[in-house]
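Open the model in your viewer and keep the sequence panel beside it. The stops below say what to select next and what is there.

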Amino acid sequence: MTWNLLHNLKKNWHILMASQLRMPSGLLARQAGRKMNQSNKKLYQITLSELNLKDGDRILEIGFGNGKFFSDLDAKARDLQISGIDYSPEMVREAKRKNKDLYHSGRLDITTGNSDRLPYPDQHFDKIYCINVIYFWGNPHFHLKEIYRVLKPGGQFITGFRPKDNLIQFPFTRYGIILYNEEEWVLLLKENGFRYIHTVNGNEEKDMQTRRNTPFVSLCVVSEK
């Protein structure tokens with residue numbers, strides 16, 4: 001009985017972790033946002049560098065969490081028009097709170113929603129990116145078709161994520177999380193009309209270790225419409 005109770009407690013904890021990563025909510029929302037900032041820092045550094053922004057670009061981030069990195073994005077070029085969409089109402093509120101000046105200036109527009117139904121016109125954005133979001137797309141084709149629709153011809157879609165070999169060792173990934181290796185994700189991009197450009201591959205800092213004591217790998221896949 002004790003073993004079964006312990007097993008169920010662990011399982012419920014892993015399910016809770018997976019659900020909070022998908023959509024931070026309730027009392028744990030702020031903590032989940034902070035934890036994601038810590039674990040996503042390297043991916044953001046790589047991805048924001050790969051955006052190669054120009055003055056006046058229109059940019060969309062899908063799944064921005066608590067919006068900590070919007071200020072870093074805004075500093076990359078002048079007169080950027082930044083939009084963001086996130087599935088979690090709590091994270092949208094947090095992002096507005098953390099980016100008051102940027103939001104009230106009109107340079108940042110953020111909303112609650114899902115990337116399989118983007119509330120933007122066709123060919124609207126120069127660059128679109130997401131970090132550690134693709135795991136939660138039950139049918140990635142719907143999301144990729146919407147991203148393709150709102151991206152300008154020649155615009156880029158940049159995906160930051162960690163590969164299957166890194167994450168499969170964590171029990172919470174068994175609960176509604178879809179893992180990819182680089183080749184699988186590139187194939188999906190091509191199937192949905194994107195042209196693959198290149199992948200940036202980086203290791204995390206020493207304090208970011210997997211359960212097997214190997215560093216996390218950050219993949220940043222750059223594609224183009």
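Start with Asn132. Asn132 is buried, because its relative accessible area is 13%, and the cut-off for buried is under 20%. This is a predicted model. Asn132 sits in the loop between E4 and H6. Now check its backbone. Phi of Asn132 is near 55°, a positive value, and the residue is not a glycine.

**Zoom out for a moment**

Show the whole chain as a cartoon. The protein has eight helices and seven strands. It runs to 225 residues, and 48% of them count as buried. Consider the contacts between residues at least 6 apart in sequence: 73% of these join residues at least 24 apart.

Select Gln123. This residue is in the loop between strand E3 (108-112) and strand E4 (125-131). Gln123 also has a positive phi, about 50°, and is not a glycine.

**Lys127, in the strand**

Move on to Lys127, which is in strand E4. With 11% relative accessibility, Lys127 counts as buried. Show what surrounds this lysine.

Which backbone oxygen does the side chain of Lys127 reach? It is that of Asn52, at 3.3 Å. Draw that distance. Then draw another, C-alpha to C-alpha, from Lys127 to Gly154. These two are 27 residues apart along the chain, and their C-alpha atoms are separated by 9.4 Å.

**H6 against H8**

Hide the side chains and colour two helices: H6 (residues 140-150) and H8 (residues 182-191). The two pack at an angle of about 55°, and their axes are 10 Å apart. H6 and H8 are therefore oblique to each other. The crossing of H6 past H8 is right-handed.

Bring the side chains back at the contact. From H6, select Pro140, His141 and Leu144. From H8, select Trp185, Leu188, Leu189 and Glu191. Colour the contact of H6 with H8 by class: five residues are nonpolar, one is polar and one is charged.

Step back along the chain to Asn181. This asparagine lies in the loop between helix H7 (164-167) and H8. Asn181 is partly exposed, with a relative accessible area of 26%.

What does Asn181 touch, residues up to four places away in sequence aside? Phe161 and Lys164. Now look at the side chain of Asn181. One of its polar atoms lies 2.8 Å from the backbone nitrogen of Glu184. Asn181 and Asn166 are 15 residues apart in sequence, and C-alpha to C-alpha they are 9.3 Å apart in space.

**Last stop: Asp72**

Go to helix H3 (residues 70-74) and select Asp72 within this helix. Asp72 is partly exposed, and its relative accessible area is 40%. Draw a line from its C-alpha atom to that of Gln45. The separation is 9.1 Å, and Asp72 and Gln45 are 27 residues apart along the chain.

- Asn132 in the loop between E4 and H6.
- The side chain of Lys127 with the backbone oxygen of Asn52 at 3.3 Å.
- The right-handed crossing of H6 past H8.
- The side chain of Asn181 with the backbone nitrogen of Glu184 at 2.8 Å.

Notes
Residues are numbered from 1 along each chain as its sequence is written. This is a predicted model: local features need pLDDT of at least 70, side-chain atom pairs count only at pLDDT 80 or more; totals for chains, interfaces and linings use all residues. Side-chain values use heavy atoms; hydrogens and water are left out. Axes are lines fitted to C-alpha atoms, for helices over the stretch in contact, and angles run from 0 to 180 degrees between N-to-C directions. Helices (H or I, at least four residues) and strands (E, at least two) are DSSP runs, numbered from the N terminus. Angles under 35 degrees count as roughly parallel, over 145 as roughly antiparallel, 65 to 115 as roughly perpendicular and the rest as oblique. A crossing is left-handed if the near helix is turned anticlockwise from the far one by less than a right angle, and right-handed if clockwise. Contact means heavy atoms within 4.5 Å. Ala, Val, Leu, Ile, Met, Phe, Trp, Tyr, Cys and Pro count as nonpolar, Asp, Glu, Lys and Arg as charged, and the others, Gly among them, as polar. Buried means under 20% relative accessible area, exposed over 50%, partly exposed in between (1.4 Å probe, protein chains only). A polar contact is a pair of N or O atoms within 3.5 Å; within protein, one must be able to donate a hydrogen and the other to accept it, and residues adjacent in sequence count only if both atoms are side-chain atoms.
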